[in-house]
Amino acid sequence: MFKLALCMWVLVRVAPNFSAQDYLKKYDAMMGPDSFEGIMVMVAHRDDDTTRTYQMKILKSGDDKLRVWFNAPASAKGQEMLRQGENLWVYLPSIKKPVRLASRDNFQGGDFNNADILRANLAADYQVKFGQSAPEGQVLLELSSKNPETSYDRILLWLDAKNALPIRGEYYAASGKMLRSATFNEVKDFHGFKRPSRIVMRNELAIKRFSELATVDLKVGVNPPSTKFVLDELGR
């Protein structure tokens, strides 16, 4: 009887009764917490074997407000990005005004799209169902876009079945061509909040290109003032 009970407990831990939507919400809560302040570094590896490193501070409030300050490299220092709902802007100190961004454009010329960084809310933008070919101990989520404004038309996500930690992602165009692939690595504890601290996004159309996004520090549950997310405040 004890052995039977133990086996049932392990089964429940490994394969909880979550729906595909539950898993996707858990992914969003882990990779795009409702509110946070973070320090991140992105290293973009170029076709010519050069690299460029971007250091940034990110502040997020709720589902629809996010702001980024760039500290490096010198060419990007002073730039800021802002998300208000569906609208994205970059502030360029050289012209002292914000310019609109598109979700599908590359983030600072790297291999993440702007929406990958500025709009981490897949549950709002995609329909989701379980896929059929996940390895043991994992679940596969198949995401299809709800509207043409999303960064990708279809996404496949492999998550740990027990804790919903992301393992791998594949990102597709409407034609079925894979545009990007990602691996999620180095789970760390940030002040009691656990998540992968390093994402490697590979460009499947230009195989020498890839970008690494590392989380240096992350504090969730912050309560930034709404004035931090006003367009007129950019550059001040």
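Arg236 is exposed, with a relative accessible area of 71% (exposed means over 50%, buried under 20% and partly exposed in between, with a 1.4 Å probe and protein chains only). The side chain of Arg236 meets that of Glu233 in a salt bridge, at 3.7 Å from N to O; a salt bridge is a side-chain nitrogen of Lys or Arg within 4 Å of a carboxyl oxygen of Asp or Glu. Glu233 is partly exposed, at 29% relative accessibility.

The model is predicted, so that local features need pLDDT of at least 70 and side-chain atom pairs count only at pLDDT 80 or more, whereas totals for chains, interfaces and linings use all residues. Residues are numbered from 1 along each chain as its sequence is written, and side-chain values use heavy atoms, with hydrogens and water left out.

Twelve salt bridges are found in a search of the whole structure. In one of them, the closest N and O atoms of Arg67 and Glu80 are 2.7 Å apart. Arg67 lies in strand E3 (residues 65–72) and Glu80 in strand E4 (residues 80–84), so the pair ties together parts 13 residues apart in sequence. Helices (H or I, at least four residues) and strands (E, at least two) are DSSP runs, numbered from the N terminus. Arg67 is buried, at 4%, and Glu80 is buried at 5% relative accessibility.

A salt bridge also joins Glu86 and Arg119, with 3.5 Å between the closest N and O atoms. Glu86 lies in the loop between E4 and strand E5 (87–92), and Arg119 in the loop between helix H3 (114–118) and helix H4 (122–125), so the pair ties together parts 33 residues apart in sequence. Glu86 is exposed, with a relative accessible area of 61%, whereas Arg119 is buried at 14%. Glu86 and Arg119 are linked with Asp125 in a network of salt bridges.
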